[in-house]
Amino acid sequence: MDQLRSLIRDVPDFPEPGIMFKDIAPLLGDAHALNRALDLMSDPHRDQSLSHVAGIEARGFILATPVAARIEAGFVPIRKPGKLPWKTVQTTYDLEYGTDALEAHSDAVTPGDKVLVVDDVLATGGTAAAAVELVQSLGAEVVGISVLVELAFLGGRAKIDVPVHAVIVYDG
Ligand code: AMP
């Protein structure tokens, strides 16, 4: 785990002043670390009979698709508004200033489906909570959220009413 942690780069003031960005590119670029991270994200969910893994644009896609393949589930993209070509459903959520929104195809999942939501980083939790709400709005069950990195000091878990699994946790 320490090896994985050592491959996450802190980038101060990106994308704006005051944000310490957790750059996972060095980890993704290391064959052994990437494989290990995907195992650690997939293994807790192998026996859950999941139908789909939903990835949140854009870095969530990088992890969600191989996790889906490992646990023999399908992949569902959750994207920013206007990017998906088919009929969509939308959920809006609050940012520090203003609101943002996520969309999924309206036929991406159906009642009876069991879905894991995947993203790279859980920060304040607003994005992940919105993704859960979106999948639930289509009638599917969300069994949990899996992230590579959790910034626990931001308290994002409190916004989420499904189990959260994080590979690497920062407490401060
Ligand atoms: P959240 O605050 O949990 O809604 O975070 C929203 C999204 O922003 C997540 O999908 C992350 O990919 C990204 N994000 C937020 N904070 C960071 C950070 N410090 N480093 C890297 N990515 C971040």
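The protein contains 5 helices and 9 strands, where helices (H or I, at least four residues) and strands (E, at least two) are DSSP runs numbered from the N terminus. Their order along the sequence is α-β-β-α-α-β-α-β-β-β-β-α-β-β. The protein has a radius of gyration of 15 Å, close to the 16 Å that the globule rule gives for 172 residues, so it is as compact as a globular protein of that length; the radius is taken over C-alpha atoms, and the rule is 2.2 Å times the number of residues to the power 0.38.

This is a predicted model, in which local features need pLDDT of at least 70 and side-chain atom pairs count only at pLDDT 80 or more, while totals for chains, interfaces and linings use all residues. Residues are numbered from 1 along each chain as its sequence is written, and side-chain values use heavy atoms, with hydrogens and water left out.

**Overall dimensions and surface**

Along the principal axes, the C-alpha atoms occupy a box of roughly 40 × 40 × 30 Å. Of the 172 residues, 46% are buried, a term that means under 20% relative accessible area, whereas exposed means over 50% and partly exposed lies in between (1.4 Å probe, protein chains only). The accessible surface is about 8600 Å², with carbon and sulfur atoms contributing 52% of this area; such areas come from the Shrake-Rupley method with a 1.4 Å probe, and for residues only the protein chains shown count as cover. Among contacts with a separation of 6 or more, 56% are between residues 24 or more positions apart, contact meaning heavy atoms within 4.5 Å. There are 14 positive and 24 negative side chains, and the centres of the two sets lie 3 Å apart. Here Lys and Arg count as positive and Asp and Glu as negative, without His and the chain ends, and each charge is placed at NZ of Lys, CZ of Arg, CG of Asp or CD of Glu.

His52 belongs to strand β3 (residues 52-56) and is buried, with a relative accessibility of 15%. Beyond its neighbours within four places in sequence, His52 has contacts that include Ala73, Gly74, Val76, Lys114, Val115 and Leu116.

**Loop residues and backbone geometry**

| Residue | Loop | Relative accessibility |
|---|---|---|
| Gly82 | between β4 (74-78) and β5 (88-94) | 69% |
| Ser49 | between α3 (31-42) and β3 | 61% |
| Glu72 | between α4 and β4 | 74% |

Phi is positive in Ser49, near 50 degrees, although this residue is not glycine, and Glu72, also a residue other than glycine, has phi near 60 degrees.

Another runs from Glu57 to Ala58, where omega is near -5 degrees, and Ala58 sits in the loop between β3 and α4 (59-70).
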